[in-house]
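Subject: Structure for you to look at

Hi,

Have it open while you read.

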Amino acid sequence: MAIISYNTIRMANLSVVGSHNVNGVSKLHSDIIKKSIFKDFYDYTPEKFTNVTNGIAHRRWLNQSNPELCELLDDCIGAGYAKDAAKLAEFKKFENDETVLKRLDEIKRIKKQQFAEYAFKKQGVKIDPETLFDVQAKRLHEYKRQLLNVLHIITDYIALKENPDLPMQPKTYIFAAKAAAGYYMAKKIIKLICFLAEDIRKDPKINAKLNVVYMEDYNVTMSEMLMPASELSEQISLAGKEASGTGNMKFMINGALTVGTLDGANVEMAELAGEENIFIFGLKADEVSQIWRNGYSSSAYYNKDSMLRKVLETLIVGFNGESFADIANYLLTGSPVADPYMCMADYDSYVLTQNRISDLYANDKLVWNQKSLRNIAAAGYFAADRAIKEYADNIWHLKSLK
């Protein structure tokens, strides 16, 4: 708890002592702060600690970005949700209305077509709007695990190379991210994604079922096009590492289904939308901590999973004339610990969940659209209006001006 220790100012401790409130930005994050990061401070002054889950500017990410969806919402529940996002909950009444579900599907198709045209105009990349849009749009970082996503794509690629006629739900994996200029591993992962994409494009038969796109120069304008077009939202950080996330909320309010770990605000999204309307996989935060205490060994997962071995061997051979043996080594023999964000540990659970997602999308689009509608209806809680009001009422003690 020392503020000055070994000739160092411990800024986090100073921040806690100097603040009248301390909060995390999601329920899980606040729990971690109280149970581990600042446990002693919490024991000393528990009344100081609280939680305010992040929120998004829903008038930008829904009203401005997706006028087609807003038109449907206006017809079903009126326009009141623009001022009070909690009113989106009324949309759930239409979860069994096939006319509304069909219109929801048509709107998603329109937004996908718009994004495909935008992507072609921006960087000459071809995207088939009839494929499932599986999107990971966020900062490129090891803990957010774009690499886990890639390991699954390679799994599908191997299967299609062995049997190009394999029945498979056609998917377009879209990555959109920026990374710090000096972040070496992030650059390697970006290069891997781009070289893998080029390799896949060389085989038109495989490319019809499997497409990978890395969107360049990711920014808010692009995001406003991409979020409404997305059907699957990748929120796959190692449990316990993501403070909250807000991209997950932007996807959710536009009707994308989430595949994610129980991390950050994913926990609350699952509670509000219903766990049956979100695809949860992988280790939980307490399980991650327990594995670290016992000693994590990525090679144990490598040795018992023949498909995972094949994926790493394929990384070593490489894509589009470039070997990615360094990434295989990072996962298997890296120092001080191999695979520090446990991609190997969550690989099997993630692949099985992705298979379940593809099966549902291919075989029961009505149920898929019901889940989409329920996510939209549950998204009102994640509006910034609610988050700011909680700060104003409980922390800043401000009264609103009429």
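Start with Phe 281: this is a predicted model, and in it Phe 281 is buried, because its relative accessibility of 2% falls under the 20% cut-off. You'll find Phe 281 in the loop that runs between strand S10 (279-280) and helix H13 (285-294).

What makes that residue worth a click is its ring. The model has 13 aromatic pairs, and one of them joins Phe 281 to Tyr 350. The two ring centres are 5.0 Å apart with the planes at 45°, so this pair is tilted. Tyr 350 belongs to helix H17 (residues 343-363), 69 residues away from Phe 281, and the pair thus links distant parts of the chain. Tyr 350 is buried as well, with a relative accessible area of 0%.

A few other ring features to look up:

- Phe 279, Tyr 361 and Trp 368 make up one aromatic cluster.
- Lys 112 sits over the face of Phe 133, 5.0 Å from the ring centre.
- Lys 161 does likewise with Tyr 157, at 4.6 Å from the ring centre.

Next, Glu 242. Where does this residue sit? Glu 242 is in the loop between strand S8 (232-235) and helix H11 (247-253). With a relative accessible area of 13%, Glu 242 is buried, because that value is under 20%. Its side chain makes a polar contact of 3.0 Å with the side chain of Tyr 143. Leaving aside residues up to four places away in sequence, Glu 242 touches Tyr 143, Lys 144, Ser 237, Asp 263 and Gly 264.

Last, the largest pocket, which holds about 460 Å³ of space. Of its 17 lining residues, Leu 28, Ile 32, Gly 240, Ala 285 and Asp 286 are the closest to the centre. Which helices each supply at least two residues of the lining? Those are H2 (27-37) and H13. H2 gives the largest share, with six residues.

Cheers

Key: Residues are numbered from 1 along each chain as its sequence is written. This is a predicted model: local features need pLDDT of at least 70, side-chain atom pairs count only at pLDDT 80 or more; totals for chains, interfaces and linings use all residues. Side-chain values use heavy atoms; hydrogens and water are left out. Helices (H or I, at least four residues) and strands (E, at least two) are DSSP runs, numbered from the N terminus. Buried means under 20% relative accessible area, exposed over 50%, partly exposed in between (1.4 Å probe, protein chains only). A polar contact is a pair of N or O atoms within 3.5 Å; within protein, one must be able to donate a hydrogen and the other to accept it, and residues adjacent in sequence count only if both atoms are side-chain atoms. Contact means heavy atoms within 4.5 Å. Rings of Phe, Tyr and Trp (its six-membered ring) pair if their centres lie within 6.5 Å; planes under 30 degrees apart count as stacked, over 60 as edge-to-face and the rest as tilted. A charge sits over a ring if NZ of Lys or CZ of Arg is within 6 Å of the ring centre and within 35 degrees of the ring normal. On a 1 Å grid over the protein atoms alone, a cavity is a set of points where a 1.4 Å probe fits but cannot get out, and a pocket is an open set with protein on both sides within 12 Å along at least five of seven lines; lining residues have an atom within 4 Å of a point. Grid points are joined across faces, edges and corners, and a volume is the space filled by probe spheres set on the points.
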